[in-house]
Amino acid sequence: MITLLYLDNSATTQIHPEVKEAMLPFLLEQFGNPSSKYYEPATYAKNAVNEARQNIAKLLGCKTDEVLFTSGSTESNNFVIKGIADRRKNDGKHIITTATEHPSVLEVCKYLETIGFELNILPVDKYGRVSPAQVAAAIRPETILVTIQWGNNELGTLNPIEEIADICLQHKVFFHSDATQIVGKVAFSLEDIPGLQSISISAHKYFGPKGVGITFLRQDQYNLYPSITPLLHGGGQEHGLRSGTLAVHNIVGMGVASKIAHAKLAQNIQQLQELEAYLIELLVAKFGQNIKFNQPKENKIPGIVSVQFISLNNEILVKKLAPIMAVSTGSACSSAKPSHVLTAIGLDLNEVRQTIRFSLSPYISKDDLNIFKQL
Ligand code: PMP
């Protein structure tokens, strides 16, 4: 029997066995609500949430109180973008973003446009990057928010987040970044990027469970959060910024996934880089002039490979490959429409329709990739 080679890790990842083991007790006997008081199951749950928060803060290089649990990046992006827009609408209504954002950013911004905000969608270069100079030129006195993704899910392209953060800091503009795709694959410390006010991440992109993520929200020197309207009002959990009973089992899973990602960061990056180079070598050897790569050669998330198979239809190809390998035509979230990311980097409809994304995992080997020799 052929086992399916899973090469769609940017869509989601398989839960790590240690993550599963850590979660199970919280689905069974340890069912306490961490917001309850005094009795043991509640304190046990609260301690487990605290430990997870600490592991996530360590991975991101931030303070534990700056980690706010959400259901994932879609919610985190909605929370920050709508929350900043709402709270600061009297200071200005101008928002800056880019053409290659995930829909959980772009669609939120477009919604805000329908209720009176002014949107500036920056164009990107042929790899999907914006330049710090573009951002600086776009900032106006009425700009209340800049939201620019850290790494792209279809191309693996990294934006110059540190430089953009410096510019936003100089102009005193709130800067948010969707960091969903880079966690566990790119080394960074939020401590070193003071101009970055918030980021979004989802646990299932780095071997944690689905349905849990965080918003990193930077506190000032007095440990105060920026002024922001919550998305979810209610019982006041997460310092009143995100109400709702915490999903303890998921949070524990995210904590363990973060601990593993932190401990194995250098090793995983190296493995992903080696696997990517090997995959490219195999593809070039097999398909030669009949393929074209969309992604940049350097300064990218390791393990994401976007390839055009000249004259082939990507949907048909993905379907044909499905019995032996799981790959995608791009983002799983908007697979029905032609990719807005590939269109934004200048590909025509034909080129978009012949593009496939391979997204690797550090837990596979070069030997697994040798399956490409048999295609
Ligand atoms: N941003 C990016 C860059 C993503 O790749 C994804 C998931 N495809 C999201 C946001 C949304 O994450 P989630 O579906 O976990 O809310």
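In the predicted model, seven strands form an open sheet in the order β2-β8-β7-β6-β5-β3-β4, and their pairing is mixed. The edge positions are taken by β2 (67-70) and β4 (118-122); each has a single partner strand, so one side of each is left without a neighbour in the sheet. From one strand to the next, the twist averages 20 degrees. Within this sheet, strand β3 (residues 94-98) and strand β5 (residues 143-147) run parallel and are joined by three bridges. Ile96 has Val146 of β5 as its bridge partner.

Two helices that lie across strands of the seven-stranded sheet were examined relative to β6. Helix α3, comprising residues 73-88, lies across β2, β3, β5, β6 (174-178), β7 (198-202) and β8 (213-217), and its direction makes an angle of about 165 degrees with β6. Helix α6, which spans residues 161-170, lies across β5 and β6 and runs at about 160 degrees to β6.

A second open sheet consists of three strands in the order β9-β10-β12, with antiparallel pairing. Here β9 (291-293) and β12 (355-359) stand at the edges with a single partner strand each, so that one side of each is left without a neighbour in the sheet. Neighbouring strands are turned against each other by 30 degrees on average, direction ignored. The antiparallel pairing of β10 (residues 304-309) with β12 extends over five bridges; Arg357 in β12 is the bridge partner of Ser306. Helix α8 (residues 265-287) lies across β9, β10 and β12, and runs at about 10 degrees to β10.

The ligand is surrounded by twelve residues, of which Thr74, Asp178, Gln181, Ser202 and Lys205 are the closest. By class, this shell contains nine polar, two charged and one nonpolar residues. On its own the ligand has 400 Å² of accessible area, of which the protein covers 88%.

Notes: Residues are numbered from 1 along each chain as its sequence is written. This is a predicted model: local features need pLDDT of at least 70, side-chain atom pairs count only at pLDDT 80 or more; totals for chains, interfaces and linings use all residues. Side-chain values use heavy atoms; hydrogens and water are left out. Two strands pair if DSSP finds at least two bridges between them. Helices (H or I, at least four residues) and strands (E, at least two) are DSSP runs, numbered from the N terminus. Axes are lines fitted to C-alpha atoms, for helices over the stretch in contact, and angles run from 0 to 180 degrees between N-to-C directions. Contact means heavy atoms within 4.5 Å. A residue is near a molecule or strand if one of its heavy atoms lies within 4 Å of it. Accessible areas come from the Shrake-Rupley method with a 1.4 Å probe; for residues, only the protein chains shown count as cover. Ala, Val, Leu, Ile, Met, Phe, Trp, Tyr, Cys and Pro count as nonpolar, Asp, Glu, Lys and Arg as charged, and the others, Gly among them, as polar.
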